[in-house]
Amino acid sequence: MIHEDCETSEQRRPKIQVRRVYKNIIVIPARYHSSRFPGKPLALINGKSLLERVWSIAKLVTGIDEVYIATNDTRIESHAIGFSAKVIMTDDCDNGTERVFQAISALPVKPEVILNVQGDAVLTPPWVIQSLIDAMLCHPRLAIVTPATRITRDEYFAMQANKSKGEVGGTMVVCDKAHNALYFSKNMIPYLREANGDWLPLYRHIGLYAYRYTALKKYIGLAATPLEKIEGLEQLRALENGIPIRLVFVDYRGRTHASIDSPHDITRVEAIIGKEGELVSF
């Protein structure tokens, strides 16, 4: 069980020059082509791109030796270098996890812990990412760790109503007593037969992951699984193959959870930042 008070304080180039061994790294996968929002990593929010915002948040995390941006697009590469980010070029990839692993494969020395931070997670507080590296450093036997946040009964029903209108955003997760994930779903789980009581085990998954290198390598070598294909959730491949995923429960401390999925989300996120303030100083 993970205790919340546990603390620890370029197309692809064939050779990446590294002067020292990086044991714990963050990789931000970024692709230019998106069916819903082409060029999304370069879109501006209050004058700063999504990519720079996520990179700036990742740079605040302690216990991390380096933050890389992984992409196959020279426009993203050029932009990232412009704000002093380190970039690893990859080939075309089917998903962000594959891109992260391909980026790591270009490093001459493989890290022990890899954090996959999605390039559109512009409102993810740094302490949420921090919780993952802290868990991995405190518990060396964990293979994969991901965060979840508890939601209220009202938030549960609001998500349920949105999904009934055809929205697919938001993933729920259920776990065992040791906080190991049992299942992730785009449907609302668990089903609330009785919605009474002050405490309900309702957890919304946050799409960030920390992996041991060995676990990520094993995962990448596995074929897509039936439940993964049905739900469209990559993490189910791990569960279907018996690779445990430990949940870390996090608190947004009053901040709003949101990501960028389409151009109209920009205005909504700018409004949230205007109300709650920036997570980083630019």
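Tutor: A salt bridge here is a side-chain nitrogen of Lys or Arg within 4 Å of a carboxyl oxygen of Asp or Glu. Glu-276 sits in helix 9 (residues 265–276), while Arg-255 is in the loop between strand 12 (245–249) and helix 9, so the pair ties together parts that are 21 residues apart in sequence. Helices (H or I, at least four residues) and strands (E, at least two) are DSSP runs, numbered from the N terminus. Glu-276 is partly exposed at 26% relative accessibility, whereas Arg-255 is buried at 17%. For those words, buried is under 20% relative accessible area, exposed is over 50%, and partly exposed is in between (1.4 Å probe, protein chains only).

Before going on, a word on the source: this is a predicted model, where local features need pLDDT of at least 70 and side-chain atom pairs count only at pLDDT 80 or more, while totals for chains, interfaces and linings use all residues. Residues are numbered from 1 along each chain as its sequence is written, and side-chain values use heavy atoms, with hydrogens and water left out.

Back to the charges: the count comes to ten salt bridges by this rule. One of them joins Arg-237 to Glu-228, with the closest N and O atoms 2.9 Å apart, and both of these residues are buried. In another, Glu-52 pairs with Lys-48, the closest N and O atoms being 3.8 Å apart. Glu-52 is buried at 15% relative accessibility, but Lys-48 is partly exposed, with a relative accessible area of 27%. There's also a network of salt bridges that links Lys-59, Glu-66 and Lys-86.

Now the backbone. Most residues other than glycine have a negative phi, and most peptide bonds are trans. Ser-84 is an exception, with phi near 75°; you'll find Ser-84 in the loop between helix 2 (74–82) and strand 5 (86–89), exposed at 59% relative accessibility. His-179 also has a positive phi, about 70°, although it is not a glycine. This histidine, His-179, belongs to the loop between strand 8 (171–175) and strand 9, and at 18% relative accessibility His-179 counts as buried. As for peptide bonds, the one from Ile-189 to Pro-190 is cis, with omega near -5°. Look for Pro-190 in the loop between strand 9 (181–185) and strand 10 (203–205).
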